[in-house]
Amino acid sequence: MQRMLMTSAAALLLAAGSASAQEMTLNIGMASADVGRLDPHNATTTPDKGLLHYIFNGLVRIKPGEASPAHIEPDIAESWESSEDGLTWTFEIREGVECHGDYGALTAEDVVWSLERARDPERSSFANDYKAIDTITATGDHEVEIVLSEPVPSLLGLFVNYHGGNIVCREAVEALGEDFLLNPIGTGPFMFAEYQPQQYVRLVANEEYFRGAPHIKEINYRYIPSDASRDLAFQSGELHMIYGRQDQTWAERIAEVPGTNVVVMAPGEMSVLHLNMTMPPLDDIRVRRAIAHAVDREAMVEFRGTDVTRASISPVPEGYLGYTADVPRYEHDVARAKELLAEAGHADGVTINTIHTTLPGMLATIEVIQALLAEADINLEITQVEHATFHAQIREDLSQLVHYSAARFPVADVYLTQFYYGPSTVGTPTAVTNFSHCDVADAEIEAARVETDPDRQLELWAEAQQKIMEEVCVVPVYENMQLWAWTENLDLGVEVNGSLNLSPPVTEQARFTE
Amino acid sequence: MTAFILKRVGFAVFTLFAVLTLVFFIVRVLPGDPAMVILGDQASMAAIKALRARLGLDQPLPVQYVTFMAGVFTGDWGTSMVTGRPVIAEILNVLPATIELTVVSLILGAAIGIPLGIWAAINRNAIPDYVTRLGSLLGLSFPAFVSAIILLLVFAIQLRWFPVISSGQGETFGARVLDLALPAVNLGLIMAAYITRVTRSSMLEVLGQDFVRTARAKGVPWGVIVWRHCLRNALIPVVTVVGLYLGILIGNSVLTEIVFNRPGLGKLIVGALNQRDYTMLQGMMVIYTLIVVAVNLLTDLSYGLIDPRVKYK
């Protein structure tokens, strides 16, 4: 295999990047120095997740190329039904699903074991997501029954091939033990073959894949941390597909390489300013509203690039199940901002501090926001700290304003709970990422979670978003979409609008064309 | 000689001990928590606390320190907090790649730097001297990652002689050379700049000494004077500088490895730092300290080879 790689590398060099019709190996460039954890129930980083959806299936999946749970379709489960109260779900498991290697056919027992593992905090990073599950039982060789203790919004979302929903093969996990972290065994179109430290993970086609053997026979998922080198390797033809920097200039520059597709994908990462409502002067709603009026979203979108960014108005990103645009809006109005400050007794302006990461992309944004706020006499003092330090300090409740950028599973409940729900407030034992100490919509968030009438549930989520904007717990700024580029002769077989796992869907349908 | 080496090794152990203690506390003083980095930004506080306990980070610092020290001196360097793999295996995996790159760059640097330095010295204040001095100044002031990108643009993109991704894994000798060429040239040029300047000034000093005039007066050919008599006398400062600058070379190799996508200690340490992988960082510091201590010892010992008058006491 090593030799084959070598010769293909040499051939690439000789052909000087020109793609031949025989091309069967897909080289992907990912922005990371090395692999982290390839155990799907413990992989939390973009580079790791981006690889895992080529290897694993879920009970269901979001149609490849889409990122919204509106596109859920069968995967390992052929069909499913739920009881009237939405508390009991029965899944029929497809026959003929084979685990990679010699680990045999996937059974209902495997599915049960995998989901039990996903909800066990000792073995999974995502156990929290499965709190509402009461029991999981195999009720037949190919039937699994899941009983909930309370209804869950968009339950099927928990069983797509993402995070804990990835189904692992019991025998493989038990046989490999600790080695499973770097030797993932799933049921998907591609199988793990080899890992070269700091260089690549090589996958090979799963000829037994239940949807049919993949056209592409090999994937080299390369770890290339330097943006410039990734671009150059793409330009030289050594890579077919690369992870892009999330900015307009990158998209424009890479599009100039002949034969290149630049693709903008959902989900967007939403950049917001969380305002700490317990710290003066931000405990005064007039000051928070002044900040909201001072931020010019259109200017920010212009700055980040109109092709890759869209303005945000709601505390939940656009396109998430439950999102509403019908929220109180704060138009850009410097005079109004100054007026509000004066009313609050700060006619001479205010000073607000923020602890901020040194990540260049986020830093550029906060510096523009700093300039916009200055026009309204709001002086933003930025303390720059290294990224891991930033994450630690904002969780210690040290920053008045927290600039945060995140994408979550696209259901309103997830975003609302993690960022705007009282018990998630930083500094408390149940803390997640509620930096603003927002608790104004707790009742609606809780009610929506267990509401069985979907229309009423949407209403409750909308009310929650309205209340949060009314109180200005947060100032939404913009959403930054995922950017990728690949060669035009690579046909993924689907239209790509998004990907929950943040990397383009490479399935059995992907192929090289001449 | 043996007593000298023993004394130096004793010093080395002490240095290592001091560095380890320093590293142990510095990585823990840094804000940022490995458990948080591993679990990602959606993890609950309870999960983070549980992982901290599993990693032993909830123990009092003195307890962690004793466990760590006992481990280092019994050969157990622990496992990476992020990947769970043994630290020593991870390091040994990529160490050969870094050593290969550093040694080849050093040789390249000496092969270019020493002749250039001599050439500049014997043509003092003439055109060759100016050219060499300007060139070496450029070499010193160019950041490694900028020269790396320029090399890639010219030789990998325009001329297509070399790959952008240097795997460092070629099976044949030719493939290895192809992979190593650009990164080694990048580092070698920086090294050459240092060596040129030291060689030049050291040679100038020797060229002005009485024995050189005597040799010329009795008709020894100029080439023999320069290469045999002067160079050997001028070499000690050069060797010292090469030893000292090895640290700079390692620093630049971090950037070079990243831009050329070569596996190596550089990529490992950057990853470990970003993820607050304490055990990995500690292991890497042990290795770096060992390398620097070993190179210093070798430098000292080489003086005796170059100059028989040097005695070890």
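In this predicted model, A:Arg222 sits in strand β10 of chain A, which covers residues 218–223. A:Arg222 is buried and yet forms no salt bridge. The nearest side chain of opposite charge belongs to A:Glu238, at 6.8 Å, whereas a salt bridge would need a side-chain nitrogen of Arg within 4 Å of a carboxyl oxygen. Leaving aside residues up to four places away in sequence, A:Arg222 touches A:Ile28, A:Gly29, A:Met30, A:Gln199, A:Tyr200 and A:Leu239 of chain A, together with B:Ile165 of chain B.

**Disulfides**

A search of the whole structure, over all chains, finds two disulfides. With the bonded cysteines of chain A numbered in sequence order, the pairing reads 1-2, 3-4. The table lists the S to S distance and the S-S torsion of each pair.

| Pair | S to S distance | S-S torsion |
|---|---|---|
| A:Cys99 and A:Cys169 | 2.1 Å | about -100° |
| A:Cys438 and A:Cys473 | 2.1 Å | about 55° |

The torsion of about -100° makes the disulfide of A:Cys99 and A:Cys169 left-handed. A:Cys99 lies in the loop between β5 (88–93) and α3 (108–118) of chain A, and A:Cys169 in the loop between β7 (143–148) and α4 (170–176) of that chain, so the pair ties together parts that are 70 residues apart in sequence. A:Cys99 is buried, its relative accessible area being 5%. A:Cys169 is also buried, at 1% relative accessibility.

For A:Cys438 and A:Cys473, the torsion is about 55°, so this disulfide is right-handed. A:Cys438 is in the loop between α12 (412–420) and α13 (442–450) of chain A, while A:Cys473 is in the loop between α14 (454–471) and β17 (474–487) of chain A; the pair therefore ties together parts that are 35 residues apart in sequence. A:Cys438 is buried, with a relative accessible area of 0%, and A:Cys473 is buried with a value of 0%.

In chain B, B:Cys230 is buried, with a relative accessible area of 0%.

**Backbone geometry in chain A**

Most peptide bonds are trans, and most residues other than glycine have a negative phi.

A cis peptide bond joins A:Ala266 to A:Pro267, with omega at about 0°. A:Pro267 is placed in strand β12, residues 260–275. Another cis peptide bond links A:Pro280 and A:Pro281, again with omega about 0°. A:Pro281 falls in the loop between β12 and α7 (285–294).

A:Asp397, a residue other than glycine, has a positive phi near 65°. A:Asp397 belongs to the loop between α11 (387–394) and β16 (401–406) of chain A and is partly exposed, at 23% relative accessible area. A:Val472 is not a glycine either, and has a positive phi of about 50°. A:Val472 is found in the loop between α14 and β17, the loop that holds A:Cys473. A:Val472 counts as buried at 0% relative accessibility.

**Helix α1 of chain B**

Helix α1 of chain B runs over residues 2–29. At 1.5 Å a residue, its 28 residues should span 40 Å, and the end C-alpha atoms are 41 Å apart, which agrees. Buried residues in this helix are B:Phe4, B:Ala12, B:Leu16, B:Leu20, B:Val23, B:Phe24, B:Val27 and B:Arg28. Their cover includes α4 (61–73) and α12 (278–306) of chain B.

Terms used: Residues are numbered from 1 along each chain as its sequence is written. Chains are lettered from A and ligands numbered from 1 in the order in which they are written. This is a predicted model: local features need pLDDT of at least 70, side-chain atom pairs count only at pLDDT 80 or more; totals for chains, interfaces and linings use all residues. Side-chain values use heavy atoms; hydrogens and water are left out. Helices (H or I, at least four residues) and strands (E, at least two) are DSSP runs, numbered from the N terminus. Buried means under 20% relative accessible area, exposed over 50%, partly exposed in between (1.4 Å probe, protein chains only). Lys and Arg count as positive and Asp and Glu as negative; His and the chain ends are not counted. Contact means heavy atoms within 4.5 Å. A disulfide is a pair of cysteine sulfur atoms within 2.5 Å. The expected span of a helix is 1.5 Å times one less than its number of residues.
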